[in-house]
Amino acid sequence: MVNLFNNYNLYNFKNIMETKFNNKSKAWWVWTARIFVGLLFIFSGLIKANDPLGFSYKLEEYFEVFHITFLNGFALSIAIVLCALEMLLGFALLIGVRAISVAWGLLLLIIFFAFLTFYSAYFKVVQSCGCFGDAIPLTPWQSFSKDLVLLLLIVVLFVNRKRIRPIFATAKGDRLLILAAVISLGIGIYTYNFLPVIDFLPYKIGANILDEMKTPPGAKPDEFELTYHLKNKKTGAQKVMNDKGYMKSNIWKDNNWQIVGDPESRLVKTGFTPKIRDLTIQDAQGNDYTKELLSNPFYNIIIVAYDLSKTDEDAINRLNALALNLSQGYNTRTVLLTSNSAQDAQAFSKQHHLLSEIFYADEVPLKTMVRANPGILLLKNGTVINKWHYHSIPKYDELVKKYFQQ
């Protein structure tokens, strides 16, 4: 009887120890996933919130793919809210507040992101998902792989959502969550109105635009493979060969084999790609002024208004006055770059009595130059000396004191 009692106690003790060990093991996994997912969501949201306008351009690409372009007008608002939501969910997960709701939010969000990245990768529609903005460019397949890892960790958190313990009391946790929501939204609103805090784009301050457009000597170009579809005129036999096999086999010497259709080209290896490869500045007649404008050895002002119908007209008027003062005081050349037609640009110039010379470039590089419409660049020898949002246009005296009198 005593032995039976002792065996029973030993069995209970063993079960208790195994339960504690399993609980500790699960707690370790939950904490690891919690920290990793929380920090990654905060980082991802923060990077995109640094440039919400750039993220909104990426959303518009997705809207076009899924034929929901009626949302384009809301792209910026959606971008700011999504960035804030990522940061908020990450922060809430770290402090353990509202754990069950947060677990559901993370799961739904990562499923949505994984669907988008898989769709982009498989159908080759949006070739850069914008997960980490322009700071860390990822291919669609890299983005999808990242989302799968996150999905696995979030599933661990979701299954163990009741084990996520808050660090603070409920009332304090809720107050911190509200504060985090205000800060998260505030970051996106601020950077939209006053340019990104950190500029990851090739037109950042200190960059020489002409240098960023160059391909260094000896740099390897993209490597492509050609695929030929061949048919024998006598036998009707068909073959598919790549360009190397086509040349090595000497089949091209046999007049009986003919190429059917056009060869298919496939990128095998990516070579060197300049950071700026799509900028061409022209006048109304189509003459190329890119090198002339970017080689100016003196300080010159570039006003970037990619779409004159959407530009801030009050800012244009203030920039016009600034251009007049700089022209009279320091003979400074001021150029307006736009993607509008010459006819529309000339009509706009006449309406606002613009003093700036007008040149034309594609909308994409203009949107990349400065995240504002209009935005202002101060150049010298093609180097970006400074840049401003139209909400922070420098005064004439400030420019003179800081730059022109040096």
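In which sense do strand 6 and strand 7 pair, and over how many bridges? Strand 6 and strand 7 (residues 357–360) pair in the parallel sense, over four bridges; two strands are said to pair if DSSP finds at least two bridges between them. Helices (H or I, at least four residues) and strands (E, at least two) are DSSP runs, numbered from the N terminus. Leu337 has Phe359 as its bridge partner in strand 7. Between strand 6 and strand 7 the chain passes through helix 11 (residues 342–352), and this β-α-β crossover is right-handed: with the strands pointing away from the viewer, the path from the first strand over the helix to the second runs clockwise.

The model is predicted, with local features requiring pLDDT of at least 70 and side-chain atom pairs pLDDT 80 or more, whereas totals for chains, interfaces and linings use all residues. Residues are numbered from 1 along each chain as its sequence is written, and side-chain values use heavy atoms, without hydrogens or water.

Strand 6 (residues 333–338) is largely enclosed by the rest of the structure, because five of its six residues are buried (under 20% relative accessible area, 1.4 Å probe, protein chains only). Strand 6 also pairs in the parallel sense with strand 5 (residues 300–304), over five bridges. The chain runs from strand 5 through helix 10 (residues 313–330) to strand 6 in a right-handed β-α-β crossover. Arg333 in strand 6 is the bridge partner of Asn300.

Asp307 lies in the loop between strand 5 and helix 10. Asp307 touches Asn340 and Asn373, not counting residues up to four places away in sequence; such contact means heavy atoms within 4.5 Å.

Key. Buried < 20%, exposed > 50% of the residue type's maximum accessible area, 1.4 Å probe, protein only.
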